[in-house]
Amino acid sequence: MINFSYTIWIALIPFLMFVLLGLTAHKLKAKLSGLLGTGGLAVVTVLSYLTAYSYFFTSEKVDGAYQKIIAFNITWLQFTDKLHIDLGVLLDPISVMMLVVISTVSLMVHIYSLGYMKGEKGFERFFAFLSLFSFSMLGLVIATNIFQMYIFWELVGISSFLLIGFY
């Protein structure tokens, strides 16, 4: 069995970039902010491709079918012994392929935005919003339960609002 515990970083890196760029945007140069956001997404893209390769080519199949893997799981809210809300990373064929698609498209958007947004007021803030959007989309596809999916769906809406209303 392959250890997929590193996959939590696929979602955490864009979140950390959002926090870093959001808190330090006024202190960093615009180009550095763009490069940090883009570099973070490049790392996420590499991790996504590594995850896809490991999942599809080196993990075990049962009766010719890929198995669902819970790569990471923590209890977030504990109400009773049997009632709790977990946060985690679910890997199945669809979520693994969507990790590749989302990280690749998001990386291309980041790279394109480096040139397109050059010289714009709020360039640093824009890359913070892009990182939040990437985090939200990645979190949506690796959700282990409907509550986690709802949280990330709402974050996609908020980050879309922030990006659309940037000007």
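This is a predicted model: local features need pLDDT of at least 70, side-chain atom pairs count only at pLDDT 80 or more; totals for chains, interfaces and linings use all residues.
**Aromatic pairs**

A pair of aromatic rings is described by the distance of the centres and the angle of the planes. Two of the pairs, both involving phenylalanine 126, are set out below.

| Pair | Centre to centre | Angle between planes | Class |
|---|---|---|---|
| Phenylalanine 126 and phenylalanine 127 | 6.0 Å | 85° | edge-to-face |
| Phenylalanine 126 and phenylalanine 166 | 5.2 Å | 70° | edge-to-face |

The planes of phenylalanine 126 and phenylalanine 166 stand at 70°, so this pair is classed as edge-to-face, the cut-off for that class being over 60 degrees. Phenylalanine 126 belongs to helix H4, which covers residues 123–141, whereas phenylalanine 166 lies in the segment after helix H5 (146–164); the pair therefore ties together parts that are 40 residues apart in sequence.

Ring pairs also join Phe4, Tyr6, Tyr55, Phe56 and Tyr66 into a cluster.

**Helix H4**

Helix H4 consists of 19 residues. From its first C-alpha to its last, H4 reaches 28 Å, which is close to the 27 Å expected at 1.5 Å a residue. The helix is mostly covered, with 16 of its 19 residues buried.

Key: Residues are numbered from 1 along each chain as its sequence is written. Side-chain values use heavy atoms; hydrogens and water are left out. Rings of Phe, Tyr and Trp (its six-membered ring) pair if their centres lie within 6.5 Å; planes under 30 degrees apart count as stacked, over 60 as edge-to-face and the rest as tilted. Helices (H or I, at least four residues) and strands (E, at least two) are DSSP runs, numbered from the N terminus. The expected span of a helix is 1.5 Å times one less than its number of residues. Buried means under 20% relative accessible area, exposed over 50%, partly exposed in between (1.4 Å probe, protein chains only).
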